[in-house]
Structure formats: structure tokens, C-alpha cells
Amino acid sequence: MPPIVYWQSPRRCVAVMPRPLRPWLLAQGSLTRQLRAHGAGRFRVEPIVEHFGRPLLHEARLLGVPAHQYAWIRVVRLHGRDDEAWVLARSVMPIRALRGQGRRLRHLGSRSLGSLLFARHPPRCCRQVACLSEGWARRSRYDWHGQPLLVQECFLPMFVASLER
């Protein structure tokens, strides 16, 4: 059984966030752009899993969909300088979000989701943070073209080390 994770408003846990990670956990806008800048232009998306599956119960609740309803689930690693794995990201997109403009979401391949989400106007976002077994993470529920999308980004130890260099 996986451990229970308590996702909270960033304001509620800012005091316990590691100081070097705080700006990254709280930052608005495209993480892709921010990672590119931090890595002096070096950035790569490594797709791990892309499939239809059921969201976790807490994900379904945040998205406002029934827990039994399938969604497009995408897990990727975001690599930065020296091809280090910096972020483990999981995106959950309800079936209804894959229509119209959302059709492109299933065919991102090695392109970042952020490059699509932030291409024009930043979508509305509700953010939460938590400390997971892999590291500190943020999750954002975006409203993109009237549809909810969930993006969870976990900052891996190699990224934290890069902040201390």
C-alpha cells in the first residue's frame, strides 16, 4: 500500500520547504522554460509511460471526474545539464480534455507538455505541494481550453544538487 501523501496549499508549508527548492515549488509559468534557463539551454524530455488508465482517487477528485473513468496518463523524466534527471512528471488528462485542441496531448512524444500549455496564454492554475518519497513535488490543476489537466512535478535529488553548485 502506497504511503499517504498530504497535498497542501504552498502557503501552508512554505516554512518547511527546503530553501533552495522554495522558488521552484512556488514559481508560476512554464517549468520547461525555467529548467532550460537553469540548465543553460540543455533540456530533454524522456517519455516513460503514455497510456489510458484510471487516475488515482485523489487525482480524480481534483480533476472532478469519476474515479472509474479512464484518462490519458503520461509519465516523463525531464533532463537538464549533463543529461541529469531533474524532474519526474506525471500528467493526467481526462478523456474529455482530449477533444478539439486537446487531441495534441496524446501525441507529445519527447516534447514537453509545458511547450503546449504555455504556447499562448498561461492557463489558470491551482497549485499544491507535498513531500514525496522521491522528493518535494508540486501538482497543478490547469484549466486549458475549458478542460482540467493535472500535472505533478517531483524535483529529484540531482536537481537539488544542481541548485547547490
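## Contacts and overall fold

Residues 24 or more positions apart make up 59% of the chain's contacts with a separation of 6 or more. The model is predicted. Its chain holds 6 helices and 6 strands. In sequence order they run α-α-α-β-α-β-β-α-β-β-β-α.

## Dimensions

The radius of gyration is 15 Å, which agrees with the value near 15 Å for a compact globule because the chain has 165 residues. Along the principal axes, the C-alpha atoms fill a box of roughly 45 × 35 × 30 Å.

## Nonpolar cores

Nonpolar side chains tend to be buried together in soluble globular proteins. Here the largest nonpolar core has 18 residues. Leu35, Leu78, Val87 and Phe155 touch the most other members. Helix H2 (22–26), helix H3 (31–38), strand S2 (71–79) and strand S3 (85–94) each give two or more residues to this core. S3 gives the most, with 3 residues.

What does valine 87 touch, not counting residues up to four places away in sequence? Its partners are Leu31, Leu35, Val76, Arg77, Leu78, Glu153, Cys154, Phe155 and Leu156. Another core lies apart from the largest one. This other core has 14 residues, among them Trp72, Leu105, Leu113 and Tyr142.

## Burial, surface and charge

Of the chain's 165 residues, 45% count as buried. The accessible surface comes to about 9,000 Å². Carbon and sulfur atoms hold 54% of that surface.

The chain carries 27 positive and 10 negative charges.

Terms used: Residues are numbered from 1 along each chain as its sequence is written. This is a predicted model: local features need pLDDT of at least 70, side-chain atom pairs count only at pLDDT 80 or more; totals for chains, interfaces and linings use all residues. Side-chain values use heavy atoms; hydrogens and water are left out. A nonpolar core is a set of buried Ala, Val, Leu, Ile, Met, Phe, Trp, Tyr and Cys residues joined through side-chain atoms within 4.5 Å. Buried means under 20% relative accessible area, exposed over 50%, partly exposed in between (1.4 Å probe, protein chains only). Helices (H or I, at least four residues) and strands (E, at least two) are DSSP runs, numbered from the N terminus. Contact means heavy atoms within 4.5 Å. The radius of gyration is taken over C-alpha atoms; the globule rule is 2.2 Å times the number of residues to the power 0.38. Accessible areas come from the Shrake-Rupley method with a 1.4 Å probe; for residues, only the protein chains shown count as cover. Lys and Arg count as positive and Asp and Glu as negative; His and the chain ends are not counted. The place of a charge is taken as NZ of Lys, CZ of Arg, CG of Asp or CD of Glu.
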